Amino acid sequence: MVANVEIIKGVSLGRDAWKRLLRNKLAVFGMIVIGVILIAIIIGPALVARLTGYTYDFIPTDSTLVRAMAPSFKHLMGTDDAGRDLLARVLQGGRISLMVGVISTTVSLIVGVSYGATAGYLGGRIDNLMMRIVDILYSIPYILIVIVLLSVFGGPSTPDWITWLSTKLGGAGNQGLSQIFLLFFALGLVSWLTMARVVRGQILSLKNQEFVLAARATGVSTFGIIFRHLVPNALGPVIVYATLTVPSVMLTEAFLSFLGLGVQAPYASWGSLASDGIKNIAIFPWQLIFPGVTMALTLFSLNFLGDGLRDALDPQTRKF
């Protein structure tokens, strides 16, 4: 009798969510596209420079080549008005665009999760005060805050710590790199508000559960209850929202580039490349098509992945 007993192995929540994610074809497509793009922007610029000798800031000295050239075997994506290889600039621009999205989203995770979890757990007047601060910040158009920060602290007024960081990484007088770090800082300051609200809502629904009451009864500190017990149990919606925040921040950076407040030369992002390309769309359409299509494909893939994660991590969508 014992030999005929069938042992059923349990499946963890993470593995179950992963299986359901793999059944979502659009989410799998998004993961594959994002993986290919990540590999391309990591090794692509060095590979293009090694095979062709072109870098994102290389301007030919031959006056006959300093002009926009159509895509060819020599320049797969053509060149811009200065004769720079567009493929090298699109690959380098992908690094900047994804760094803007990832770093700003990371800042929103750190600030928003800490702020929202603290407000939700403490409750009462503290919660009311903290969330009224969020409401006040919400009442101000976030893009206006970013523009003001970039205008006030850009150029000669760049904070010393940003100038020092850009000098260490890019050399003295590297104003283009200083603008990139300032962009990270400005977008990170305004991207945590919705994250704080999402986390607060999750904490409010969890803080009266039995495991929290048990932790409180055994003498666990408030800090430990918030960050060791509550936050890990609220990570599902947080991960989903973080995935959807990355494309939102990338679109904001592209909009700022159209206003001339984004990434500055010699560096480039997909937004700044599209901004330059739209000026010549009637004559040199490839200057807009290649960076625009690359950015759109990345944004679609991130949104598909975010939707797939939402369905995989939401217990209400589980099919028995």
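Gly30 counts as buried in this predicted model, with a relative accessibility of 0%; buried here means under 20% relative accessible area, exposed means over 50%, and partly exposed falls in between (1.4 Å probe, protein chains only). The residue belongs to helix α2 (residues 25–52), where helices (H or I, at least four residues) and strands (E, at least two) are DSSP runs, numbered from the N terminus. The C-alpha atom of Gly30 lies 7.9 Å from that of Asn303, although 273 residues separate the two along the chain. Residues are numbered from 1 along each chain as its sequence is written, and side-chain values use heavy atoms, with hydrogens and water left out. Because this is a predicted model, local features need pLDDT of at least 70 and side-chain atom pairs count only at pLDDT 80 or more, while totals for chains, interfaces and linings use all residues.

The protein has 13 helices and 0 strands, and of its 320 residues, 42% are buried. Contact means heavy atoms within 4.5 Å. Among the contacts with a separation of 6 or more, 71% join residues 24 or more positions apart.

Once its neighbours within four places in sequence are set aside, Ser97 is in contact with Met250, Glu253, Ser269, Trp270 and Gly271.

Further along, helix α3 (residues 86–122) meets helix α10 (residues 222–233), their axes coming within 11 Å and crossing at roughly 110°. Axes are lines fitted to C-alpha atoms, for helices over the stretch in contact, and angles run from 0 to 180 degrees between N-to-C directions. The two helices are therefore roughly perpendicular to each other, on a scale where angles under 35 degrees count as roughly parallel, over 145 as roughly antiparallel, 65 to 115 as roughly perpendicular and the rest as oblique. The crossing of α3 with α10 is right-handed; a crossing is left-handed if the near helix is turned anticlockwise from the far one by less than a right angle, and right-handed if clockwise. On the α3 side the contact is made by Val113, Ser114, Ala117, Thr118, Tyr121 and Leu122, and on the α10 side by Thr222, Ile225, Ile226, Phe227, Leu230 and Val231. By class, these residues are 9 nonpolar, 3 polar and no charged. In this scheme Ala, Val, Leu, Ile, Met, Phe, Trp, Tyr, Cys and Pro count as nonpolar, Asp, Glu, Lys and Arg as charged, and the others, Gly among them, as polar.

Helix α3 also packs against α4, at an angle of about 145° and with the axes 7 Å apart. This crossing is left-handed. Tyr115, Thr118, Ala119, Gly120 and Leu122 of α3 make the contact with Gly124, Ile126, Asp127, Met130, Met131, Ile133 and Val134 of α4. The contact of α3 with α4 comprises 8 nonpolar, 3 polar and 1 charged residues.

Side chains of opposite charge can pair when their charged atoms come close. The structure holds 5 salt bridges, each defined as a side-chain nitrogen of Lys or Arg within 4 Å of a carboxyl oxygen of Asp or Glu. Within helix α4 (residues 124–139), Arg132 and Asp135 sit 3 residues apart, about one turn of the helix, and form a salt bridge whose closest N and O atoms are 2.8 Å apart. Arg132 is partly exposed, with a relative accessible area of 39%, and Asp135 is likewise partly exposed, at 25%. Asp135 also meets Arg197 in a salt bridge (2.3 Å, N to O). Arg197 lies in helix α8 (residues 193–206) and Asp135 in helix α4, so this pair ties together parts that are 62 residues apart in sequence. Arg197 counts as partly exposed, at 39% relative accessibility.

Salt bridges that share partners also join Asp80, Arg84 and Arg89 into one network. Within that group, Arg89 forms a salt bridge with Asp80, the closest N and O atoms being 3.6 Å apart. Arg89 is buried, with a relative accessible area of 4%, and Asp80 is buried as well, at 10%.
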